[in-house]
Structure formats: C-alpha cells, structure tokens
Amino acid sequence: MLSRVADNLYWFSRYVRRAENVARLVEVGSQLQLDLPRAARFAWRPLVDTLGAGEEFDRWHGEGATPSEAEVVRFMLVEPDNPLSLRGVVGNAREILRTVRETMPQDCWVAINDLHLYIEAGAERAGSRRHRHEFLARVIDSCLRVSALLSTNVSRDIGYQFLRLGAAIEQADMTSRIIDAAAAGLIQPRAAEDVEAFRAMQWMSVLQSLAAYQMYRRHLRQRVSVELALQFLLKDREFPRSVLFCLARIQAILPQMPPRRPVQQAFRRSLGLVFDADPAKLAASGPCDFMDRLQVELAALHGAIHESYFVG
Amino acid sequence: MDWTRYRSSTWDELVGSDGQPRPAARPLIEYLSGLSRRELAERQLAADVTARVMGITFTVYSEGRNVDRTLPFDLIPRVIERREWERTAAGLRQRIQALNLFIGDIYGKQKIVKDKVFPRALLKESVNFRQQCVGVTPPLGVWAHICGSDLVRDGDGTLYALEDNLRIPSGVSYMIENRMVAKRVFPELFETSAIRPVDDYPAQLYDTLAALSPRPGDTPVIALLTPGIYNSAYFEHCFLAQSMGIELVEGGDLFVGDDDVCYMRTVYGPKRVDVIYRRVDDSFLDPEVFQPESVLGVRGLIRCWRAGNVALANAPGAGVADDKVVFTFVPKMIKYYLGEEPILPNVPSYLCHDAKERAYVLDHLHELVVKPANESGGYGMLIGPRSTKRQREQFRALIEANPRNYMAQPTLSLSTAPILGEKAPEARHLDLRPFILSREDVYVTTGGLTRVAMKKNSLVVNSSQGGGAKDTWVVDLEEGA
C-alpha cells in the first residue's frame, strides 16, 4: 500500500464522515429553531465554530454583524468561498477519490460524483427552509450509502484499515466538537433566568444531531440531563458515535497495521483522557476545556498517523 | 438503416466504390440494414451510457479547469480482413525490430552513421537524442517496449505507416473499452462472426514489463508512473494499472536511495521497485539530469537505471527514433539492419533538410502536408490544400529558418468508414493505431485503435481536436465458412 494512497483513503473516509455530521448538525439546528418560543433564539455561531470556520465566517460577513439564518446556513452548506462548507468537504472527497479511483469500488465514485453534482445543482435549495430538509436528507443518505459500499464491497486489506481509521477519528473529533458547540450554548434565552429551562432541550437536540437520542432513551431510560448526555456521548461503550466507542474501534484497527510506537503512544493518551473523564464534574464545570484537550489529543494522534504512515 | 446512397469520395473501409459491402464487412452491413433508425439511435444511446458509466474519459484543460470528457464513440465498427491484418502485423514487427536496432546503434557504435546511411547532421540536431543514454545496454537490447504506430490508407487502398510513437503512446485503453461497449451493443454479431478478441493486451503488457526485471526469479515489483490526475491520459493509466494489478505511482511516491536502487514509499516502509512503466516524458523523468524544476519525476532515476537496478519502459532516449524526420529513414533502416524489403510502405516524405527536397516542398506548399519533426497531437501542421496564402508564407519562413525541423508529405486521400449520421450512414476519414510490444518476441494487437474525424471532411482524428473512436474488428472469413 503506497503511503500516498493510504493518506488519500484515510482522508476520503474522514471527509465523507464529516459531511454527514455537518448535514445532521444543520438539520437539527433547523428543526430546533422551529420549536423555540419567542423568548429564545437559536445561536448558529457555535455551529459555525464546530466546523472550525469561525474566522472564515467573520471575514465573510464582517465581525459583530448578525446575519440571517438563511445566510448562516448557506455559509455552512454551500458558500463557495468557505472551503470548510459541506460543499467544500464533499468536493474534497471527490477530488481525492479521483486520485485513488483504481483502488476503490466503481459504485463509490458514482455515489460521490452524484452527490457532488446534486450539491452543485441544488445549492440554492439549501438556503430555503422549505427545501432544506429534503436537501440534507439526500446528503446524509448519500454519505451513508458510501459508508455501506465501503463496508460491504471493499476487501479487508490494509487500505480498508485506513478507511476505518479515518472514519473513527473523524467521528470522535466531530462528536467532541458538537458537544463543545452545545456547551457554548445553542439556545440563547432573552431572559437570563430561562437558561435552565432550555438546557435539556439543547442537549436533546445535540443527541439528535448525532442520531443518538433514540439509543440514549433505550439504554438510559431517563430524561436528558447534561451529565447523562455527556456520559452517553463521551463514554458509552455501545453507541457507535460515542468518543470511547470510536477509540475502541481504533484500538482494534491498530494491530492490523504496521506497528509504530508514536501512534501507540498518542492513542493511549487519547484513551486515557476519555477513560478518566468524569461526566458529573464536566457537567458541573462545563465541558469546553475538556473538549479542547480532547481535540488536541486527537490532533496529535492524527499527526502521529500522518508521520508514521503517510510521509514514507 | 439505408445503405443504398452511401458513397465515399475515397477508399472506404466497409463499402466498395460500387456500393457493395466488402466481403469482411458484409454480415455487419446486412445486420445494420435490418435495424430501424430508432433501434440504432437506442443502441448509440446505450453505448454512450455504457461509456460514461465505465468512466471512459480523457481530460481536457479548458477555461482554467480540467474537464473529464468521454471520447465520442461511433457505433459502426471498422472491419479488417484477417489476412490483410496478418500482413500488416508482419510489417509492424519488421519496423519495430529495425527501430530498436537503430536506437541501440545510435547510443552505441553508430554504425549506421559511419556507413553513411543516416546523416550525422540530422543526429546532431535531434532534440530527442539523450547524451545520458550513450553506452547503455538495456535488457534484451530493447529500447521501445511499447510502440503505437499510426497507419493510414490512401485512396487507392494502400496502407501506409504515417508515424511510430516510441515515447509514451496512448489510446490502448480505448481500444479495449470500445470492444467492451461493442459487445454489449451488438452481442448477436459477436455470436455469429469470427471477430478476433483484443482483451489480451494487459496480460501481454504485464509479461513484457515483467521480463525486464533486474531480479529474475523473484516476482517483480512493477509500477506505472503517471504525471497525475491532470494528465489527459490519466484514465488510461488507472485502467492499465488496474488491469495488470500493478501499482499506480506518482513521482512523489518513489525515491532513489544512496544504493542507487529505486523505492516506493509504502505504509510498511520503503519497497524496492524493479520495473517502471513510465507515462512521464523523458524530459520530466529525473530532475537530476533533465528539467531541474520537474516535480513529476524522481531524482536519481536515470542513475538507478544506468546502474541496471531498475528497468524503464520505454527506455529514456527511445524518442530519438520518434521524430518525423527520422521516420523517413525507416525503410532504409529495415534494409540496413535486417537485410529485408519493407513490408509496410512509409507515407512518401520530403525532408526539408535536403536542399533539393526543400526546394520541391517550398514550390508545392499548396498541395503538401508540412509537419514539424517533434510535435504530436496534430498540432503545428500545415495542410496545404486547405491553407490560406498567409499560412503558407508563414510556413515558408519557418522552414527556411529551421529546415531540420520540417518534413512534408503529399496530402493523402485518407480512407473513410461510415459513421452513424442523423438520417443515414455518412463517410468520415480515419486512421488506425495498433500497439506493438517488444520483448524477446514481438506482440502486435489484433487491429488497434481506430480514430475517426467526427466532422465532415476533416482529416484530423486526434481526440484533443474533436476526434472519436470506433471498435476495430479483425474478421476471419475462413473460420467457420
């Protein structure tokens, strides 16, 4: 397996997973906004930060201005000047696939190319509330289709391990970023005393954005609280988008790859951090600092993978 | 489909001047006659969809973006009778043997120059002569392992060699894919006629490459070196690498170690490479000896090749014989090296380097095709009968300034074959590019890639200039008769 090809497979998988998460996040934001009473408004900015597009966003509409919901959504989904938009992410996945087409199933190219063409052609629909649901559902479906094609049609060779690794790291990272956004406050009540009242609603929508609400209810059988939501998203051993589950998946992948000490070390640091995390404390003090640390560790793990396998 | 009014102004590959199908094409034309216009349109659509789904594309750089286009595919195949093809293949074998001996001689003792068969002056001015190759003896003495020769037929039915592409000829993937499309569209004909298969090529190419390995005995590690996704032939590079099961690499994937051995960067660490099928031009192959700013190649690759640690196909420097001026000497090379008469005639040519021939060319610009020695893709040519006075004056100046760089040929009345027109079959000019593999023996594809000018009366068949392709059938009339 060429280092360049492994690198491309890894990033292809990351981008597809990222696109799916972004679409879910915007979908839930859009739904939540419809449920909010007049006394509160939905804060889009933390979601923009989730994409790491905060600076881009400020440059784009000017710091301090209050862009409309349609503008923000447009920026996140289809703005050509925003390389971190959904459109940019899918475009990246497609460009990468062009370079490794000979190693991937043909159907995969067809699926990504169709999605790319759909986004290019339907960019305007994404802004309008009426069509947004349809647009996002199609994006999520296409991403899941690609994931399914990979898991059903690709031989379990070393290349496949890099696809799995990319998806696992991306999901761990996205989950931590989405928690971060929620902690920053997605719902801004006009009166300060209403903060508590909206808190549960906010975490419920976060669980929904990670397709985790139903599983949460089934497994925890309790109303949503910050502590339990954190417990579930960070440390649940069975839910596939929880950070711990993603790390366990990485733990299963690493022995199938050429052993590299820096990767092992970085992995153990990420795992230790999540393992030691106490959801009750995080709920009380606010999880933002912890999530920042987690993202730094995940970035270090990515760096170690990059240095060990992709530089060659 | 109505053939009664189909006529060509020149030799037609499928239909004789009396309007009757040629024997090898008779079953095809009878079959097509039985299809309604609608059925044909449906099949053309099916062919186009198949091509798009299979991703048969070439890349064109336009408006600052790379666009993947599908190569226009015409439904009606070109048919060649087996006995004619065998004669042609023998002629191609003879040419490539002479050409390989010539290249080896040029980088070796230069006997052909000392014997005054090939002028020293031409050699001195050849832009494809590589000093770095002097004294190298590649495995089996073969320089041009993969050759794509262009053949054209004149109005009187004679098949001529037009040029031999010895650098990085492309198009073979279209030959194979065109057949896959044709089989889906005309399964009935493949059942009833003895149409020779073409899909052996990747296996033959693999054997050709494997035979070059500097580590015989071990399974060789073979890689196809591509300039990357922005190259117009990238689809073909993927296709061939995939069909042979070899690695598709870019320059950055390879490096040459201090031991003068070439390695791939893999997730397991460096892995030795034995044979490189390079689809990168000589001048970009190694920044250490050629273009220093090239990022497409591999630093030290020529050093590694000279040391015999890696085989390159085609060998660097093979292009010295891929030059429209050197081309005119191929019949003499065949006599000189093989002691044989050429089986395939060259298109008659005039060398502007020679004072007498130059005078003739300058006097007859309006009826000749003038070509620069080293352009490909049909660029930089003057087609005399279709030129303006101004263009002719421009070429006169170019030739006088640099006579070595130009040669001229009479305007052939290129043969035609029918394409599927709006209402009826229409005649279009075409050529044929067979591919020839040289190892201990020589392998010639069955037929080759037929390129067709889709525009009426156009003589330019290059894909970059609006040309299309047809499937090419070598049909055995004796088998099963």
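This is a predicted model: local features need pLDDT of at least 70, side-chain atom pairs count only at pLDDT 80 or more; totals for chains, interfaces and linings use all residues.

Tutor: Let's start with His131(A), which is partly exposed, at a relative accessible area of 23%. His131(A) sits in helix H8 of chain A, which covers residues 129-153. For a sense of distance, take Val78(A): 53 residues separate it from His131(A) along the chain, and their C-alpha atoms are 14 Å apart.

Now to where chain A meets chain B. On the chain A side 18 residues take part, and on the chain B side 20. Putting the two chains together buries about 1700 Å², with 48% of that on carbon and sulfur atoms. Within chain A, the residues that lose the most area to chain B are Leu2(A), Arg98(A) and Glu102(A), and together they make up 37% of what that side buries.

As for charge pairing, two salt bridges turn up across the interface of chain A and chain B. Arg4(A) and Asp253(B) form a salt bridge through their side chains, at 2.6 Å from N to O. Polar contacts across the interface of chain A and chain B link eight residue pairs, both partners being at pLDDT 80 or more.

Next, look inside chain B. Its domain assignment gives domain 1, made of 23-342 + 412-475, and domain 2, made of 350-410. The C-alpha centres of these two domains of chain B are 27 Å apart. Where they touch, 23 residues of domain 1 of chain B contact 16 residues of domain 2 of chain B. Between them these two domains bury about 1700 Å², 53% of it on carbon and sulfur atoms. Of the area that domain 1 of chain B buries there, 31% comes from Leu122(B), Lys324(B) and Val325(B), more than any other three residues supply.

This domain interface in chain B has one salt bridge. The side chains of Arg404(B) and Asp323(B) make a salt bridge at 2.8 Å, N to O. Four residue pairs are in polar contact across the two domains of chain B, again with both at pLDDT 80 or more. Helix H5 (120-124), strand E5 (159-165) and helix H11 (324-327) of chain B each give at least two residues to the domain 1 side. H11(B) gives the most, with three residues. By class, this side of domain 1 of chain B has nine nonpolar, eight polar and six charged residues.

One last stop is Ser349(B), in the loop that runs between helix H12 (330-338) and strand E13 (350-351) of chain B. Its side chain reaches the backbone oxygen of Val347(B) at 2.8 Å. The side chains of Ser349(B) and Gln409(B) are also joined by a polar contact of 3.4 Å. Leaving aside residues up to four places away in sequence, Ser349(B) touches Phe327(B), Thr328(B), Glu357(B), Met407(B), Ala408(B) and Gln409(B).

Conventions. Residues are numbered from 1 along each chain as its sequence is written. Chains are lettered from A and ligands numbered from 1 in the order in which they are written. Side-chain values use heavy atoms; hydrogens and water are left out. Domain bounds come from an automatic or database domain assignment. Contact means heavy atoms within 4.5 Å. Buried area is the accessible area (1.4 Å probe) that two parts lose on being put together, summed over both. A salt bridge is a side-chain nitrogen of Lys or Arg within 4 Å of a carboxyl oxygen of Asp or Glu. A polar contact is a pair of N or O atoms within 3.5 Å; within protein, one must be able to donate a hydrogen and the other to accept it, and residues adjacent in sequence count only if both atoms are side-chain atoms. Helices (H or I, at least four residues) and strands (E, at least two) are DSSP runs, numbered from the N terminus. Ala, Val, Leu, Ile, Met, Phe, Trp, Tyr, Cys and Pro count as nonpolar, Asp, Glu, Lys and Arg as charged, and the others, Gly among them, as polar. Buried means under 20% relative accessible area, exposed over 50%, partly exposed in between (1.4 Å probe, protein chains only).
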